[in-house]
Amino acid sequence: MLAPFPKDPRYYQIAVLSSLLINGVGWLEFDVGWQQIVILLSLTQITQYVCTKVTSLSCFDPRSALISGLSLCLLLRTNGLLLMSVTATMTIASKFVLKWHDKHVFNPTNFGLVAMLLATNHVWVSPAQWGSKMFFAFLIACAGGVVVYRAARSDVTYAFLLAYASILFGRAFWLGDPSAIPLKQLQSGALLLFAFYMISDPKTTPNSRAGRIMFALLVAIGAAYVQFGLYRTNGLLWSLAVCSIFTPLIDQLLPGTKYAWNADNLSARVKGEAHEKDRFVPRALDHLVS
């Protein structure tokens, strides 16, 4: 008997990202045409298929590649079709090449965007395209809340948002700015997309809940430093890329169960995070509690 709702959280993310893309192109007038959308979605799927065959994986799975393709459609901007094609190919290939203990090091979309931002001045990200309207931010947050709950990654998302909001309000208090400024910053559609659909990637976040909370704090601090200390744009993307390098170390210090898309494991994690009561103890202290 089929369950009324799919257990795999990727279906929910695909549905939400597709809706956001349709809304962005149809109503918000995003600077991305259907030709670019077709190219990005096609190349991500083709690259996924080729890499699956080259690495001799059991079967071709289009779901994660579709999520990456939709994310690139929402975030990537360039006037060159070649650069667009390279970004799509590099994004998916990174999942198969940049791995540690059979786990992705970087969020694929994050890696593709940051790599191309470093390589050329003809690729950019347009965070302002989403605006900062409270109603739209509320819709993104509600839809994103369903996605991270189904993926059992609510902890990293809400820890990041709480830490980043604390930094924004603390900075406003220090500078004597009105609270309306950080409130406006928190309504950014780009910030919410990052929090609910990028930093929460189950395959690239630390395995334990304690590790994920630590990771979220590091990303929030890094993003604030890039934006307010270095006065650079895309602080969220840069911070996530750098902090992802330390995920293997966090997994060593705060070990936990590695995430899998298996429906049975996923259901257990959604209900109880796999009972991670022992996983707050760093590996170096295991002998003290055994």
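**Exercise 1. Classify aromatic pairs in this predicted model.**

Task: State how many aromatic pairs the structure holds, then classify Y49 with F60 and F160 with Y164.

Solution: 
- Step 1. The count is 5 aromatic pairs.
- Step 2. Take Y49 and F60. Their ring centres lie 5.6 Å apart, with planes at 75°. Planes over 60 degrees apart count as edge-to-face, so this pair is edge-to-face.
- Step 3. Y49 sits in helix α2 and F60 in the loop between α2 and α3, 11 residues apart.
- Step 4. Y49 has a relative accessible area of 41% and is partly exposed. F60, at 33%, is partly exposed.
- Step 5. Take F160 and Y164. The centres are 5.6 Å apart and the planes at 15°, so the pair is stacked. Both residues are buried. They are 4 residues apart in helix α7, about one helical turn.
- Step 6. Ring pairs join F160, Y164 and F194 in a cluster.

**Exercise 2. Describe the second largest pocket.**

Task: What are the volume and lining of the second largest pocket?

Solution: 
- Step 1. The volume is about 210 Å³.
- Step 2. Of 15 lining residues, W100, H101, K103, N207 and D251 are closest to the centre.
- Step 3. The lining divides into 4 nonpolar, 7 polar and 4 charged residues.
- Step 4. Helix α12 gives the largest share, 4 residues.

Technical notes:
Residues are numbered from 1 along each chain as its sequence is written. This is a predicted model: local features need pLDDT of at least 70, side-chain atom pairs count only at pLDDT 80 or more; totals for chains, interfaces and linings use all residues. Side-chain values use heavy atoms; hydrogens and water are left out. On a 1 Å grid over the protein atoms alone, a cavity is a set of points where a 1.4 Å probe fits but cannot get out, and a pocket is an open set with protein on both sides within 12 Å along at least five of seven lines; lining residues have an atom within 4 Å of a point. Grid points are joined across faces, edges and corners, and a volume is the space filled by probe spheres set on the points. Helices (H or I, at least four residues) and strands (E, at least two) are DSSP runs, numbered from the N terminus. Ala, Val, Leu, Ile, Met, Phe, Trp, Tyr, Cys and Pro count as nonpolar, Asp, Glu, Lys and Arg as charged, and the others, Gly among them, as polar. Rings of Phe, Tyr and Trp (its six-membered ring) pair if their centres lie within 6.5 Å; planes under 30 degrees apart count as stacked, over 60 as edge-to-face and the rest as tilted. Buried means under 20% relative accessible area, exposed over 50%, partly exposed in between (1.4 Å probe, protein chains only).
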